[in-house]
Amino acid sequence: MKRRRPRIVIIGAGFAGYECARRLSRQAGRAAEIVLLNPNDYFLYVPLLPEVATGILEPRRISVSLTGTLPGVHLVLGTAHDLDLDARQVHYTDPEGRAGSLSYDRLVLTVGSVNKLLPVPGVAEHAHGFRGMPEALFLRDHLTRQTELAGAAEDPEERSARTTFVVVGAGYTGTEVTAQGVRFTEALARQNTGLRHGPRPRWLLLDIADRLLPELDERLSRTAERVLRARGVDIRTGTSVKEATADGVLLDDGEFIATRSLLWCVGVRPDPLVESLGLPTDKGRLCVDAFLNVPGRPEVFACGDAAAVPDLTRPGEVTPMTAQHAQRQGKAVARNVAASCGRGTPRAYRHHDLGFMVDLGGIQAAANPLRIPLSGPLAGLVTRGYHLMAMPDNRVRVAADWLLDAVLPRQGVQLGLVSSWSVPLDTASPEVARVPGGAQGGG
Ligand SMILES: Cc1cc2nc3c(=O)[nH]c(=O)nc-3n(C[C@H](O)[C@H](O)[C@H](O)COP(=O)(O)OP(=O)(O)OC[C@H]3O[C@@H](n4cnc5c(N)ncnc54)[C@H](O)[C@@H]3O)c2cc1C
């Protein structure tokens, strides 16, 4: 009797899942059936999302086709909502709301993370997060719309509120969104007759920490702060939000900022699917060993943002939630899964951080590749070069958009395809998970 090929099911096609599927399809070839379960048919290159939100890149540039670039991998469109580890079954809902299930011999859990919420009154209702494509498309329209409404408003207070943008969280997401956002709204305001004589767009970047980019090297913080201040950004460190309303935000020092735009970039937490497994977690991330294997479950592996992977280069710590680690862990997990099926030998995950790049828009960036601190145009060049190399596809299209942006004005039009209600801050709530193609995870 012909032996059935082992079926490897990968849940989530982000940095870790995509890389795992790509490696496995090369390593395991026809010896295994590789199934990739993801809500969308694309891998999202998240680090360039702020450029989509601010009109530099068109959305499909950073959306890499899964079927087009992963030959031999069977794509199943759907969102997993229940894993039966004893029966080795994954239960999911497809984009048309139909239920489905997949059995597996090996499972790789790479579901990434979702927006982190804090219990601040009004934030869930009035703030928007920044984690996936729907949020980026919403934000691009929103910034354009607010600028246009401000240009048409008679009331100076309304004009001022509509041209005030508040970003909470000065990690790399909040810092990049602010850096790109201020350039975008300045460009929109210049094109708007009603705003020729002011007010200028005003951006505030708040963080409870005492510096920007608190999780990164201090030299990157200093560069980012210098660039943002030169663009007129009002940076408030040691500050947080006490309450959000439809008309503005109340800060913890008692100041009220009138605004229609509150962007919540306070960080991410692992996808709640992980918590639902009832297995040991570390700050919500699934505990795995250095081989990316779930202890006591030799057939289950996990990595990326969703897993607490021991950092062998910093004993006692887990690897940070970055694309750099997720992508390399995807490669490592593919090797170890193949080894568990009898192909090759397993290897513990070990990776020394290669540094970080924060794109500040224009020709500016703050970067420390291989721990060498860079700023200005050189950092900008290195950052863009790195992104082009790291993207699995669409490089020419991305480079072409960058070139066009350098010589042409930004396009100030809103298409209105993504409405505010469809991008709530709590992307992990059951209501959103039920919306077909909802903003779950990389959305
Ligand atoms: C705006 C922004 C900028 C960033 N910039 C950088 C940067 O410059 N450098 C850097 O190193 N890191 C950066 N990061 C962090 C980086 O993007 C993450 O660490 C990385 O994406 C984690 O990869 P992952 O594979 O674990 O998860 P993800 O890339 O988030 O992928 C998870 C995948 O799982 C899918 N999924 C989720 N739930 C389910 C489910 N229930 N069923 C099926 N599929 C599911 C999602 O749709 C998604 O496709 C940035 C993040 C953001 C938000």
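The model is predicted, so local features need a pLDDT of at least 70 and side-chain atom pairs count only at pLDDT 80 or more, while totals for chains, interfaces and linings use all residues. Residues are numbered from 1 along each chain as its sequence is written, and side-chain values use heavy atoms, with hydrogens and water left out.

**The ligand and its shell**

- The ligand is surrounded by 34 residues, and the closest of them are Ala16, Asn38, Ala80, Asp305 and Ala323; a residue is near a molecule if one of its heavy atoms lies within 4 Å of it.
- Among the polar contacts (pairs of N or O atoms within 3.5 Å), one places a polar side-chain atom of Arg131 2.9 Å from an oxygen atom of the ligand.
- A polar backbone atom of Ala323 also lies 2.9 Å from an oxygen atom of the ligand, and an N or O atom in the side chain of Tyr172 is 3.5 Å from a nitrogen atom of the ligand.
- Taken alone, the ligand exposes 1000 Å², of which the protein buries 96%; these accessible areas come from the Shrake-Rupley method with a 1.4 Å probe.
- Two or more residues of the shell come from each of α1 (15-27), β2 (33-38), β6 (79-84), α7 (172-191) and α10 (323-340), where helices (H or I, at least four residues) and strands (E, at least two) are DSSP runs numbered from the N terminus.
- Helix α10 gives the most to this shell, with three residues.
- Sorted by class, the shell holds 18 nonpolar, 13 polar and three charged residues; Ala, Val, Leu, Ile, Met, Phe, Trp, Tyr, Cys and Pro count as nonpolar, Asp, Glu, Lys and Arg as charged, and the others, Gly among them, as polar.

**A cavity and a pocket**

- Both kinds of space are found on a 1 Å grid over the protein atoms alone: a cavity is a set of points where a 1.4 Å probe fits but cannot get out, whereas a pocket is an open set with protein on both sides within 12 Å along at least five of seven lines, and lining residues have an atom within 4 Å of a point.
- The second largest cavity holds about 30 Å³ of space, a volume being the space filled by probe spheres set on the points, which are joined across faces, edges and corners.
- Leu36, Leu66, Thr67, Leu70, Val73 and Leu75 line the second largest cavity, and α3 (66-69) and β5 (73-77) are the elements that give two or more residues to this lining.
- The second largest pocket has a volume of about 600 Å³, and of its 21 lining residues the closest to its centre are Pro59, Arg60, Met133, Leu137 and Leu417.
- Helix α5 (133-152) gives the most to the lining of this pocket, with six residues.

**An aromatic pair**

- There are five aromatic pairs, counted when the ring centres of Phe, Tyr or Trp (its six-membered ring) lie within 6.5 Å, with planes under 30 degrees apart called stacked, over 60 edge-to-face and the rest tilted.
- The rings of Phe15 and Phe43 have centres 5.0 Å apart and planes at 85°, so this pair is edge-to-face.
- Because Phe15 lies in helix α1 and Phe43 in strand β3 (residues 42-44), the pair ties together parts that are 28 residues apart in sequence.

**Backbone features**

- Gly198 and Pro199 are joined by a cis peptide bond with omega of about 0°, and Pro199 is found in the loop between α7 and β12 (202-207).
- Arg88, although not a glycine, has a positive phi of about 55°, and Arg88 lies in the loop between β6 and β7 (89-93).

Terms used. Polar contact = N/O pair within 3.5 Å; in protein donor to acceptor, adjacent residues only side chain to side chain.
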